[in-house]
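Hello,

Please find the structure below, followed by notes on what was found in it. Keep it open while you read, and look up each residue as it is mentioned.

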Amino acid sequence: MYWDKAHECMEREQLRELQSRRLVETVRRVYHNVPYYRQRMQEMGLVPEDINGVEDLHKLPFTTKQDLRDNYPYGTFAVPLSEIVRIHASSGTTGKPTVVGYTRKDIITWSELMARTLVCGGTTKDSVIQIAYGYGLFTGGLGVHYGAERIGASVIPISGGNTKRQIMIMKDFGTTVLACTPSYALHIAETMEEMGIKREELKLQYGIFGAEPWSEGMRREIESKLQISAIDIYGLSEVIGPGVASECQYKCGLHIFEDHFIPEIVDPETGEVLPEGEEGELVITTITKEGLPLIRYRTRDISALNYEPCKCGRTHVRMKKVLGRTDDMIIVRGVNVFPSQIESILMEIGQTEPHYLLVVDRINNLDVLEIWVEVSNKLFSDEVRKLEELNRRITNEIQSALGLSVKVKLVEPKTIERSESKARRVIDRRKL
Ligand code: DLL
């Protein structure tokens with residue numbers, strides 16, 4: 001049930017002491033080894049001695065993705081390149097990627113954290129785990145891979161794509177754990193249906209899903225289609241990759257591995273630290289990383305923190321399932337819209353397929369939001385009246401939730417492009 005009980009269930013007081021010690025050490029290291037941080041601290045009149053524990057965290061400067069880009073590729077590394085044994089990168093939607101580097105010890109830390117994550121989700125030494133996250137510069141494939149090997153599970157490093165082959169292998173090799181993005185898991189389920197493969201022909205038990213936002217409705221859909229327990233795992237390349245936080249079997253928030261990361265929630269506009277339970281932007285400070293330690297990294301992910309004890313016995317804080325990013329949010333005629341809001345409404349109505357796309361355009365200076373939603377073949381070939389009724393219902397519910405008029409377009413199955421990695425939910429055609 002636990003991978004590292006001593007750390008996962010540590011008394012909170014002891015945990016805070018450990019965090020403080022590690023934070024002080026990290027700050028000293030970045031001050032002396034990373035010119036970028038030294039300069040930032042000097043500008044703020046700070047010296048490492050000003051930071052004596054977690055209570056001083058708020059004094060430190062934030063780090064943003066832009067700061068990493070400005071120091072592209074290796075400018076924020078805290079060790080010489082000769083100490084770096086692995087490089088990953090996150091593909092930015094614009095411009096250059098963000099480059100991240102790991103020392104030998106970082107790889108061990110990461111493997112440990114991924115072992116924790118996988119055990120949280122039900123993986124054991126006896127599991128056969130099919131890793132359908134992409135291998136390469138993306139951290140998903142290799143991150144999960146090292147954790148699974150550390151546990152001693154049997155690893156199938158298949159990477160993403162070639163869905164029919166994935167399914168054949170899942171069946172023939174007796175896969176018990178599937179690791180991939182939730183949208184890809186759904187695509188696999190859909191392809192299985194088309195191939196006429198029955199669930200009973202598989203040994204699948206667990207799904208380790210993350211790397212993109214997914215709603216509770218989508219979880220239910222995956223769990224019922226694949227008849228597995230699906231857990232949510234969270235992470236980002238800059239911080240380490242997957243292995244930052246994971247749900248336990250109770251699925252009531254993701255435990256952030258606090259002996260390695262200190263989380264805060266801040267107001268995305270003002271940067272002010274928000275009290276426990278309030279929603280805002282997740283900010284993470286790494287306290288054990290050597291290659292690329294990060295101070296108060298702005299993740300742009302929206303969540304909230306809950307310090308109440310969890311039934312699983314782990315003492316680490318739980319973050320609320322991430323339902324959007326500050327930069328995923330589209331502003332349509334002044335109204336903030338997150339794709340996840342639409343997803344939740346569609347799942348609640350339940351008569352459509354879990355594939356949707358938000359298309360925003362500007363026509364005659366007015367923003368227009370069109371929502372494409374797939375419906376089943378059966379429904380599509382039904383009477384027009386039924387389709388119209390459904391369209392009206394979806395339109396009404398979305399409009400009343402958002403307070404914004406929208407146009408809903410019900411489309412045939414497979415109209416919306418499927419993704420083998422992260423799903424694309426928004427097309428913004430406005431030239432802003
Ligand atoms: O997506 C790392 C990862 C790989 C996590 C495999 C989980 C599983 P990046 O490509 O750098 O790293 O993207 C990080 O993806 O800031 C979130 O916006 C989003 N994200 C990651 N996990 C979740 C999740 C990997 N469970 C960005 N729920 C993050 C919602 C997630 N969003």
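Keep in mind that this is a predicted model.

**Nonpolar cores**

The largest nonpolar core has 63 residues, and the members that touch the most others in it are Ile129, Tyr234, Phe261 and Met319. The element that gives the most to this core is helix H5, residues 104-120, with 7 residues. A separate core of 26 residues lies apart from it, and includes Ile167, Ile169, Leu178 and Trp214.

Tyr234 is worth a look in the viewer. Beyond four places in sequence, its contacts are Pro242, Gly243, Val244, Ala245, Leu254, Leu282, Ile284, Thr299, Asp301, Met319 and Val322. Met319 in that list is also one of the core members that touch the most others.

**The ligand**

Which residues come nearest to the ligand? Among the 21 residues around it, they are Asp232, Ile233, Ser237, Asp301 and Lys422.

- The side chain of Asp232 has an N or O atom 2.7 Å from a nitrogen atom of the ligand.
- For Ile233, a polar backbone atom is 2.7 Å from a nitrogen atom of the ligand.
- For Asp301, a polar side-chain atom is 2.6 Å from an oxygen atom of the ligand.

On its own, the ligand has 610 Å² of accessible area, and the protein covers 94% of it.

Strand E7 (229-236) and helix H6 (139-151) each supply at least two residues of the shell around the ligand. E7 has the largest share, with 5 residues. Sorted by class, the shell contains 9 nonpolar, 6 polar and 6 charged residues.

Thr139 is part of helix H6. Is Thr139 buried or exposed? Its relative accessibility is 4%, so Thr139 counts as buried. Leaving out residues up to four places away in sequence, Thr139 touches His88, Tyr102, Trp110, Ser237, Ile240, Gly241 and Pro242. Of these, Ser237 is also among the residues that come nearest to the ligand, and Pro242 is also in contact with Tyr234.

Ser340 sits in helix H10, which runs over residues 339-349. Ser340 counts as buried because its relative accessibility is 11%, and the cut-off for buried is under 20%. With residues up to four places away in sequence not counted, Ser340 touches Leu323 and Tyr356.

Ile371 belongs to strand E18, residues 366-374. Its relative accessibility is 0%, and therefore Ile371 counts as buried. Apart from residues up to four places away in sequence, Ile371 touches Ile342, Leu357, Leu358, Ile398, Val406, Lys407, Val408 and Lys409. Arg199 is 172 residues from Ile371 in sequence, and their C-alpha atoms are 32 Å apart in space.

Asp428 is in strand E20, which covers residues 426-428.

Regards

Note on methods
Residues are numbered from 1 along each chain as its sequence is written. This is a predicted model: local features need pLDDT of at least 70, side-chain atom pairs count only at pLDDT 80 or more; totals for chains, interfaces and linings use all residues. Side-chain values use heavy atoms; hydrogens and water are left out. Helices (H or I, at least four residues) and strands (E, at least two) are DSSP runs, numbered from the N terminus. Buried means under 20% relative accessible area, exposed over 50%, partly exposed in between (1.4 Å probe, protein chains only). Contact means heavy atoms within 4.5 Å. A nonpolar core is a set of buried Ala, Val, Leu, Ile, Met, Phe, Trp, Tyr and Cys residues joined through side-chain atoms within 4.5 Å. A residue is near a molecule or strand if one of its heavy atoms lies within 4 Å of it. A polar contact is a pair of N or O atoms within 3.5 Å; within protein, one must be able to donate a hydrogen and the other to accept it, and residues adjacent in sequence count only if both atoms are side-chain atoms. Accessible areas come from the Shrake-Rupley method with a 1.4 Å probe; for residues, only the protein chains shown count as cover. Ala, Val, Leu, Ile, Met, Phe, Trp, Tyr, Cys and Pro count as nonpolar, Asp, Glu, Lys and Arg as charged, and the others, Gly among them, as polar.
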